[in-house]
Each structure stands twice: as C-alpha cells, then as structure tokens.
Amino acid sequence: MINNFNINNFHLWTALITPFDQNGLVDYATLDTLVAEQEAANNGILLLGSTGEGLALTLKEQQAIVEHICQLQPSVPLMVAVGGSNLKQQLEWVNYCNQLPIHGFLLGSPLYAKPGAVGQTHWFESLLNASSHPCMLYNVPGRSAVSIPIATIENLKQHKNLWALKEASGCISQFEAYRQAAPELAIFSGDDALMPYFSQAGAKGLVSVAANAWPVQTHEFVKRSLSGQHPNLFVQWSSAINSLFSVANPIPVKVLMHLQGRISSPHLRPPLTHLELTHTDDISSANNTILSWH
C-alpha cells in the first residue's frame, strides 16, 4: 500500500548513494541504515540517480534495490530515476515501477543523442503518459550534453503528471527562464551550493548529494535557505560542498561516508573509482565544518 504523502511538503530529496561491499555487490544492510538516516531527517529519497550509480547497475540490481527499499516502507516518499537513451527500455522501467509503492519519478534527458525541442518533448511526453505518479524532469546538460529547451517545458507544462523540474545547469538565468516559461512548475535546485541563491529566485527545494553525508545538517541548510533570513549560508557551505565535487560525483561523497564509518567500502562501479580521489584533507575539513555548523 502506498503511503499518501503530499510530495509538495518535501523540500529536500536526497539522491541516495548505492553502497557496495568489498566484492562490489550491493550492501543491503548498509542501505537499510542509510534509508533510516534519511527517514530520521525527514528527507525524501531519490533512488538510482547518477549519485546512486543507477546506470552502472544491472536491471536485476535496479529492480532488487527498489523492491528492497519499498519493502522497508520508509516514512518518507520515494522517487525513482529514469535515465538512458532507449525510450522503449525506459517505458518498460516506468511500467515496472508503477506496480511498486513509490511516489514519483525523476525523468532525465536522453543521454548522448542530443535531441532538440521536438525530440525531447516526445521523450518526456511518452514517459509522462506512462507514469502513474508525479514526475520531476531533470535538466543536467553536464551529463546529457544538451539542456531541456524552454519550448519543451512550454509544450509539457500542462501535463497532469508533470510536477517539478530539477535544474542542475548551475546557471541562475536558466533557472529564471524555466520559471518564466512555467510559473506553476515546482523547480528544485540540483546544485547544493547554489540553493541559497536559487531559493531567492523561487526554488521550492533541493535534490542533494551532500545530504548523503550530512542528512540533518542539509535539511536545516535547505530550511534556512528557503526562509531567506540567512544570507551568509553560501559562504558557510560553498567550500564544504565544493569538496564533494573535486572529482566526479559520487566519488568524494562515498569516500567521505567511508571515512565517517557509515559505509563499509568506498567502492564504486567502473569506470568510476575511489582511487581517483588521492587526497582526503578537503572532505575531512568539510565534514568538520558542517558537523560543527549544526
């Protein structure tokens, strides 16, 4: 049975990592603990995004992870990522997840192909039509190589299943252009460090990497950002958050969580590797800063 969450009440979604053991297998015991930590902080949970290394997992692993976490019946909503470049496969994934007690989908732009407004409208509309849940589109040109065109947002803004947009271009002018095109669409920052700025521009919340390492502190960070009463938040958080992106995400956050003793291994799926991060002083310093902040 699906809990009747109002997902509009959740302003922080943690793009949850996928913990692996020393043999590179999914560490389900640790995954249970990580879910419980996000529950305790009252953060929504995004499964199998880029931070969760979703595209590096087999379909059976993806299915097993979503089913496993659904069986935990967490007291916070679950959103599942949809990404790739094969529309038929992604429609099959949406139809599979529709049968599970989840609460939303994150729909990523198709990878590699670089479609324009017409192609992206068809891609997203097909997925929105297939979904039984509210959907958040995901603008991440750093990974998909193209932005979601404004025309695509205008074409889709009336769709009954379109709930939100995750804006991860790092460009506030892009954020403002989306907001102007679809004033009723909830727009979430996809950049932790920019949350104080995006909140001033009308962001509804954050989809976060940092909340993996600092669930409670990031929740408070978002709360204060949205209140608009803490103008120095960017200065306090930016260097700490930047340390989590010194090499490809999620390498630094997994290394940090291993240093924190919260995951048994920092291993990632190839081509990513924790060996890419040769120095840990910055993330250790960031950890001390944030833990003393709140």
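These legends describe close-up views of a predicted model. Local features need pLDDT of at least 70 and side-chain atom pairs count only at pLDDT 80 or more, while totals for chains, interfaces and linings use all residues. Residues are numbered from 1 along each chain as its sequence is written, and side-chain values use heavy atoms, with hydrogens and water left out.

**View 1. Strand 7 (residues 186-189) is covered on both faces.** A186 and F188 on one side, and I187 and S189 on the other, are all buried (under 20% relative accessible area; exposed is over 50%, partly exposed in between; 1.4 Å probe, protein chains only). Strands (E, at least two residues) and helices (H or I, at least four) are DSSP runs, numbered from the N terminus.

**View 2. Strand 7 pairs with strand 8 (residues 205-208) in the parallel sense.** Two bridges join them; pairing requires at least two DSSP bridges. F188 stands opposite G205 in strand 8. Strand 6 (residues 162-167) also runs parallel to strand 7, over four bridges, with L165 opposite I187.

**View 3. E37 and R262 form a salt bridge at 2.5 Å, N to O.** A salt bridge is a side-chain nitrogen of Lys or Arg within 4 Å of a carboxyl oxygen of Asp or Glu. E37 lies in helix 1 (residues 28-41) and R262 in the loop between helix 12 (251-259) and helix 13 (281-293), so the pair ties together parts 225 residues apart in sequence. E37 is partly exposed at 23% relative accessibility, whereas R262 is buried at 18%.

**View 4. E53 and K254 meet in a salt bridge at 2.8 Å, N to O.** E53, in the loop between strand 2 (44-47) and helix 2 (59-72), is 201 residues from K254 in helix 12. Both E53 and K254 are buried.
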